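Let's walk through this one from the inside out. Have the model open and follow along.

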Amino acid sequence: MHNFTYIDIVAIAWFSGIWLAYIWLADHSPWAKDGISDYVAHYRLNWMRQMYKRELRMIDTAIIAGLQHGTAFFASSCIFAIGGSFALLGATDEVLEVVRTLPVEVQADRGLFEIKILGLVSIYAYAFFKFGWAYRLFNYCSILLGAVPMPPKEHEEPTEAYLNDAPIIAEQAGQLAITGGRHFNAGLRAIFLSIAYLGWFVGSIPFIVASLLIFLVLLRRHFFSQARTILRPPHYEGSKSVEKNQN
């Protein structure tokens with residue numbers, strides 16, 4: 001089928017296995033609580049617990065706006081990448097002619113090339129939906145910020161709504177921010193792994209090697225980077241209060 005060999009099947013299985021393995025390690029394994037994502041999730045929840053006590057919440061709305069802008073940027077980038085991939089499908093013959101002139105031996109079968117492009121489109125489409133949902137969750141989070149009752153002013157008694165509702169809504173906003181962050185991370189993960197996927201256009205072995213290299217880079221940044229060490233919260237014993245909801 002379009003020169004689709006067993007080594008291609010092995011490479012795809014390897015790529016998929018690495019992707020799933022990283023998801024498990026980063027989000028569901030016993031070591032996930034010591035990863036950079038869980039550290040940041042701890043701070044997201046703590047942010048909302050501090051937010052509802054503040055009288056002026058402009059800084060909180062500015063942070064939410066920044067999260068939304070960053071997410072929208074990556075979602076737009078995925079749309080451009082999908083459009084560029086479809087443009088390659090429309091110019092397959094021209095691209096293959098250029099590929100054949102390269103000094104490196106590259107698999108240049110038309111049918112296989114189109115299958116690879118469609119696979120790349122699928123990755124970018126997955127990333128777009130993750131970024132789109134993250135953007136929506138951050139939008140919901142901003143709405144919850146506006147719904148939190150205001151704290152009492154000096155010499156005023158706190159209202160019943162503030163005492164009863166504000167902590168609950170703040171927790172809900174924190175969990176929404178955490179869930180949005182997880183979907184944003186999933187979208188970024190897809191973009192990083194799409195770089196490894198490009199190795200398949202050279203050959204199955206480069207695809208396998210590139211997948212392993214990207215996996216190791218992501219693993220190092222998540223569990224062994226300097227940023228992860230810096231972000232470790234004081235007196236941290238694991239984010240037991242952070243929900244692992246992925247929806």
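Which residues does Phe-15 touch, not counting residues up to four places away in sequence? Keep in mind that this is a predicted model. With those sequence neighbors set aside, Phe-15 touches Ile-123, Leu-193, Ala-196, Tyr-197, Phe-207 and Ser-211.

Now zoom out to the core around it. The largest nonpolar core has 38 residues, and the ones that touch the most other members are Phe-15, Phe-131 and Tyr-197. The elements giving two or more residues to this core are helix 1, helix 3 (58-90), helix 5 (110-147), helix 6 (160-197) and helix 7. Helix 5 supplies the largest share, 11 residues. Apart from this core there's another, made of 15 residues, with Trp-47, Leu-144, Val-148 and Ile-169 among them.

On to the outside. A nonpolar patch sits on the surface, formed by Ile-7, Val-10, Trp-14, Ile-205, Val-209, Leu-212, Leu-213 and Leu-216, and together they have about 690 Å² of accessible area. Two elements give two or more residues to the patch: helix 1 (6-28) and helix 7 (204-223). Helix 7 gives the most, with five residues. Take Ile-7, which lies in helix 1. Why does Ile-7 count as partly exposed? Its relative accessible area is 35%, and the partly exposed class runs between the buried cut-off of under 20% and the exposed cut-off of over 50%.

Last stop, the cysteines. Cys-78 counts as buried because its relative accessibility is 1%, and Cys-141 is buried too, at 0%. As for disulfides, the count comes to zero, with a pair of cysteine sulfur atoms needing to be within 2.5 Å to qualify.

Methods: Residues numbered from 1 in each chain as written. Predicted model: local features only at pLDDT ≥ 70, side-chain atom pairs only at ≥ 80, totals over all residues. Heavy atoms only, no water. Patch = residues over 30% accessible without salt bridge, like charges linked within 9 Å, V, L, I, M, F, W, Y side chains within 5 Å. Areas by Shrake-Rupley, 256 points an atom, 1.4 Å probe, with all protein chains shown as cover. Salt bridge = Lys/Arg side-chain N within 4 Å of Asp/Glu carboxyl O. Helix = DSSP H or I, 4+ residues; strand = E, 2+ residues; numbered from the N terminus. Buried < 20%, exposed > 50% of the residue type's maximum accessible area, 1.4 Å probe, protein only. Core = buried A, V, L, I, M, F, W, Y, C linked by side-chain atoms within 4.5 Å. Contact = heavy atoms within 4.5 Å.
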